[in-house]
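Please work through each task before reading its solution.

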Amino acid sequence: MKQTIRLRVNGDAYEVAVPPWRTLNEVLREDLRLTGTKRGCGDGDCGACTVLLDGRSVTSCLMLAVEAVGHEVTTVEGLATARDALHPVQAEFIAAGAIQCGYCTPGMELSAAYLLSRNPAPTDDEIRRGLSGNLCRCTGYQKIFEAVRRAADRLKEAARPDAAAGDPATGGPAGGDPSGGGARP
Amino acid sequence: MSLCKFAYHGPDTLDEVLALLAAHGPAARVMAGGTDLVVKMSRGQVAPAVVIGLKRVPGLGDLHFDPVRGLELGCMTRVSAVLEHPAVAAHYPALAEAAQATATVQIRNMATIAGNLCNASPCADNAPTLVARGASVELRSPRGHRALPLAELFRGPGQTVLAPDELLVRITVPPPRAATGFAYLSLSQRSAVDVSAVGVAAGLTLADGRVAEARIVLGAVAPTPFVATAAADALRGRNPDDAAFRAAGAAAAEACAPIGDVRASAGYRRKMVAVLVRRALERATARALGEGTARAARQAEVTP
């Protein structure tokens, strides 16, 4: 029942033989060995398995790997633009002490990067709503919110026309739509 | 939690989807966003032999607004697409409220409105508003197609009138009407992420300062979206004021048939129906008044 599929993950092409009932989460972790993407509840509630699909955040535990064919997947391994240059969200998670046990961190960071790609200047309430699909069992939410606020400031700074060009650490999130106005009913 | 084994088909055309459905019948399940089906498969609640994915069929995710024809959602239109569409924000704010109340950011990016309806959960957030707005659904099969009012799609929890070879292909919402407003409010036990314990869609049309027509549809308090006809009809001819809205809330709470479960007791649900109906009618009234003004302004702009 296995079929060979081609996946694009973090800009790399993979060819992998999978049965159709394997989730994207299982294939990322077990076949591609990209274990930065976690598996938590398996029900789509906790957000630990969050990845970006064509720049949109999705829960990889609820997606069949075969349905990711033809799309660009971004995992936490692909968030940094270069080996020695973290994404601003990652850098600010470290600076703010927003990491405790770390299990929710990859999903949190991808949700934060997605939020900032849609809404570069979120209010505190919008940050909370933007991360409401990610649970932190250590309950370290305040530091996480602070990290996202700081990352937003850093990206804003970098987007100023007079900002120094060529700083790889301030690049936008991979695959995101930086022009999006965000969802505001 | 490995999923059950199944054969997967990802056809490129609607005709192929329908042919596969006809060939496999009840053994097949259609996968739109997958957020309900994958959970059910991982819990062992369903074990389809065949899964038919819709993602590769072009055009099914379209969202189209026309002032005369109204709003059309394809069966692959994602919840987040509804939430982000400017025409929805401008003309169907209650639909955006229901979309916002649905699950999480990530699930809204995957799940479809049609999937939320076809899953037929009594607490589906997107059902009450669409029923209140008089939405209809188009069902297709190799035998032909039929259209029916959305309210008639639901048979019971998890049950619809869809035949095994039928696919819901389109949801059509009538165009916005003058001096008319709708609102959706919901409550859940823990947060926005949790399934709604009560959902209320209410709408009304004003004429000469009085209620000309009203709709109240309740979610999660009956096996299917509950149309509180008597409560809404009693508003006709009344001033859109607190007394009228309280009476409507009390009547709707009396008429619905909630159960008690892990999310809320039956009594709590009933009390919250009364409160949410009143609040939703207040918000709908504000929109009916504001919408009239905005429409006049728009028409002044476009009329040569």
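**Exercise 1: The interface**

Determine the area buried between chain B and chain A, and the share given by carbon and sulfur atoms.

Solution. The area buried between chain B and chain A is about 2,700 Å², with 59% from carbon and sulfur atoms. Buried area here is the accessible area (1.4 Å probe) that two parts lose on being put together, summed over both. This is a predicted model, in which local features need pLDDT of at least 70 and side-chain atom pairs count only at pLDDT 80 or more, while totals for chains, interfaces and linings use all residues. Residues are numbered from 1 along each chain as its sequence is written, chains are lettered from A and ligands numbered from 1 in the order in which they are written, and side-chain values use heavy atoms, leaving out hydrogens and water.

**Exercise 2: Salt bridges**

State how many salt bridges link chain B and chain A, and examine A:Glu67.

Solution. There are three salt bridges between the chains (a side-chain nitrogen of Lys or Arg within 4 Å of a carboxyl oxygen of Asp or Glu). A:Glu67 forms a salt bridge with B:Lys55, at 2.4 Å from N to O.

**Exercise 3: A:Thr59**

Classify A:Thr59 as buried or exposed, and list what it touches.

Solution. A:Thr59 has 0% relative accessibility and therefore counts as buried (under 20% relative accessible area, exposed being over 50% and partly exposed in between; 1.4 Å probe, protein chains only). Leaving aside residues up to four places away in sequence, A:Thr59 touches A:Gly44, A:Cys49, B:Gln106, B:Ile107 and B:Met110.

How values were computed. Contact means heavy atoms within 4.5 Å.
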